[in-house]
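Here are my notes on this model. Please read them with the structure open.

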Amino acid sequence: MPSMRNRSKRNSSMQLFSTFSTTGQNDASAEPYWMFEKQSSYGDQTHISKILNRRMYINSTLNIPKAVFIAILLVVFVSAYVLALQGGNLAYIHEHLGAIGAQVLVSVLALTVVTVMLYACCMCSATRCNTIFLVLVTFALLYTYDHGESFEKHGFYNLLVFMAIYIPLNIALALLYFMWRKISNFPMYFAIALFIGGSSMCMSLFYYRLIFDNGTFGEFEYVPGECTWVGPNIPFVDLLPAGAQNFWAGSTHCKPEPQRIKTVIDKYGVLHVHCKRDSDVYIDILPETRQWPLWRKSMLNVYNVEVLNNIVRLPYTDKQPFVLNDTTQAVVVRCGTSSKIVTRVGPSIDRLPLYTPPPESDTRNMSSTTKAETVWLNVSNTAQYRFNRPNVIYLMIDAVSRRQFYRRLPKSAKVLKTLHRPGSNRLTELFRYHSVGFNTDNNTKAMYIGEIFPSKPAPLPIWAYYRDRGYVTARVETGCDDWAKECIGDYFGSQEYSIGNRSLDYELASPFCLPEFYPRIGNAYGNFKGPYSIIARCLYGRYVHDWAFDYLYQLRGELRSQLSNKQTDSIARPYMITAVFFEGHEGTGEVLRTMDDALSAFLKDIRDSSELKDTVFILSADHGLHMGLNFAYLQNGRIEHQNPFFFMSVPEPLYQFAEKYQELHGNEKASPFVANEQRLTTPFETYHTFRALADWPKIDAYTWNRSLFAAQKAGRMCEEAGIGTNFCMCKLQS
């Protein structure tokens with residue numbers, strides 16, 4: 001019977017395979033069972049015997065070459081990985097970033113081939129175990145050799161990039177291999193899935209490329225004569241689902257404190273605390289850092305240690321008032337195992353004396369340029385443009401591109417659109433806003449002092465200009481570093497000088513130096529703790545930025561409480577507030593989304609408070625993300641790095657004045673705000689915008705024409721805008 005003959009053939013085949021598998025157990029290249037099981041259904045016993053003999057011969061001859069091949073691949077892996085560890089200063093890393101990225105990729109591919117061979121090729125268990133052991137030892141040695149997190153030693157960053165590619169790649173390959181073994185006609189199914197997936201990916205990329213140019217109201221327009229982004233701008237990063245790059249780092253939420261602590265500071269500066277009765281309550285009074293000299297604000301285990309060493313801990317009891325010092329900005333209330341930061345604005349605005357700048361550094365005696373003609377305007381005499389000195393609020397989120405803002409902060413982007421209220425205030429967005437350097441240093445120096453390389457000693461930040469002109473100035477630093485010390489501190493003759501005391505009325509920094517967030521010793525800018533970490537940045541059960549927004553709400557409330565005339569919205573003393581956040585500054589680009597709720601709530605509050613009627617509000621970044629896979633391997637990442645987001649809300653009277661001034665005195669009659677949206681602009685224009693606002697209602701023609709209140713030159717290219725060749729990503733296309 002045919003069925004009996006077929007069964008006999010299968011039994012004979014199985015017996016033959018059983019014999020082979022028994023005798024081949026010690027063979028270094030024994031074929032897996034499934035390969036012979038498939039062959040047994042296609043031929044007779046003679047045919048199978050020939051196949052087995054041929055494969056046994058091949059296995060015996062390829063045993064040594066296979067081991068040699070693995071050894072070669074491991075040498076390639078180690079060599080490429082070690083070459084990728086080359087380090088130097090910032091300029092060196094920027095110049096060699098492409099080579100470093102390619103070397104990491106080569107090392108990933110070499111180890112991937114070894115990994116696939118371990119489960120797909122036949123080898124004895126000893127060879128497999130030895131290979132795995134050798135790979136693990138190699139990783140341990142490489143990590144020991146370099147696990148740094150700096151430009152000179154960046155081994156830990158390399159390891160993260162390596163794993164970010166290696167792990168998903170090998171999971172995908174292992175799944176494909178498993179399905180190929182278990183699913184008949186798998187190549188056909190794979191081809192169909194590849195076609196469908198590829199088509200979907202292409203359509204998705206087409207969609208993401210279209211919305212890449214979109215803005216709040218308009219879009220990036222390809223205007224003849226204006227520069228466009230260089231190279232293939234394909235946003236592959238948009239294909240990744242939310243949290244895909246740091247899902248392995250743990251929850252993005254903060255664990256609440258065990259006990260709820262209720263606190264309030266009354267108008268007399270008395271702190272009231274209510275928590276669990278049987279718990280001891282202590283108050284950590286955080287130092288007021290505004291008056292500290294430069295040397296005490298040095299980063300890397302100086303500033304934070306100085307803060308910790310100057311914390312005063314006192315027991316709390318409700319039997320007597322706990323009165324805070326007039327200059328104390330923050331305390332930590334500790335009740336049992338729970339803690340809470342309590343901030344307040346001290347001294348209150350009615351007790352803040354008017355600042356008189358020292359004559360030798362009075363910025364009112366400094367001109368933007370010796371060649372500029374100063375034009376004095378008294379707009380208060382013109383009813384159409386009657387407008388008091390505007391308040392200024394500037395929020396900077398470090399390392400966020402224009403597209404990344406919409407990608408990671410969708411709630412904030414939606415609320416931002418509602419800030420545009422013609423008749424009250426107007427919102428403008430810059431589509432070709434271009435950074436002028438690699439990182440924060442050069443971009444913020446261009447923004448805060450108007451120069452990357454100061455031409456004069458002891459340059460003062462822009463908030464000093466406001467204070468000299470009667471403004472109340474405040475700054476919030478959420479990274480336990482002082483911008484003035486790190487970026488311009490070396491230009492002062494003595495490190496005993498206090499830039500904060502010279503330029504600020506209020507400063508909040510000490511809460512962000514606490515060891516629960518900022519490491520007390522070691523690298524404070526690592527990947528798992530501190531202001532650059534890739535995990536949720538929490539402090540006492542809340543996001544770090546939540547504590548900063550608490551203080552900003554208090555600042556705005558206190559400063560707006562001193563209205564000089566209740567019948568009008570005039571402010572007795574205008575204010576200038578700056579705050580910096582670091583949620584965008586980490587390689588995965590995922591932590592930024594934790595800020596969306598708090599930022600959108602702040603935008604709603606500033607909208608609903610009618611504050612924008614008399615306040616210029618600027619929300620921007622210094623540059624885009626300059627780390628991570630997208631930046632290292634794709635042109636889209638390089639473009640986003642040089643295209644930070646920028647939004648500015650201008651009160652209606654100031655908006656109308658700028659339009660009229662452009663019409664009467666400008667080189668062209670276009671609206672300056674509409675024109676600048678599509679023209680190449682930089683942090684230098686932001687600086688002159690700050691200067692123009694500080695001088696209002698006096699106008700320095702040079703400063704005004706360089707600001708965003710005047711239409712910048714059409715067709716301007718990088719060199720003319722002050723952007724170095726190495727950083728230029730917007731060029732005129734033929």
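**Notes on helix packing and the sheet**

1. Helix 4 (residues 90-120) packs against helix 6 (residues 155-182) at an angle of about 35°, and their axes lie 9 Å apart. Axes are lines fitted to C-alpha atoms, for helices over the stretch in contact, with angles from 0 to 180 degrees between N-to-C directions. Helices (H or I, at least four residues) and strands (E, at least two) are DSSP runs, numbered from the N terminus. The crossing is right-handed (the near helix is turned clockwise from the far one by less than a right angle).

2. The contact residues divide into 17 nonpolar, 5 polar and no charged. Ala, Val, Leu, Ile, Met, Phe, Trp, Tyr, Cys and Pro count as nonpolar, Asp, Glu, Lys and Arg as charged, and the others, Gly among them, as polar.

3. The model is predicted: local features need pLDDT of at least 70, side-chain atom pairs 80 or more, while totals for chains, interfaces and linings use all residues. Residues are numbered from 1 along each chain as its sequence is written, and side-chain values use heavy atoms, without hydrogens and water.

4. Helix 15 (residues 544-559) and helix 16 (residues 596-608) have axes that come within 10 Å and cross at roughly 10°. They are therefore roughly parallel (angles under 35 degrees). Among the residues that meet are F549 and R556 of helix 15, and F602 and D605 of helix 16. This contact has 8 nonpolar, 1 polar and 3 charged residues.

5. An open sheet of 3 strands runs in the order 2-3-6, with antiparallel pairing (at least two DSSP bridges between two strands). Strand 2 (262-265) and strand 6 (322-323) are the edges. Strand 2 pairs with strand 3 (residues 270-274) over 4 bridges. I265 has L271 in strand 3 as its bridge partner.

How values were computed
Angles under 35 degrees count as roughly parallel, over 145 as roughly antiparallel, 65 to 115 as roughly perpendicular and the rest as oblique. Contact means heavy atoms within 4.5 Å.
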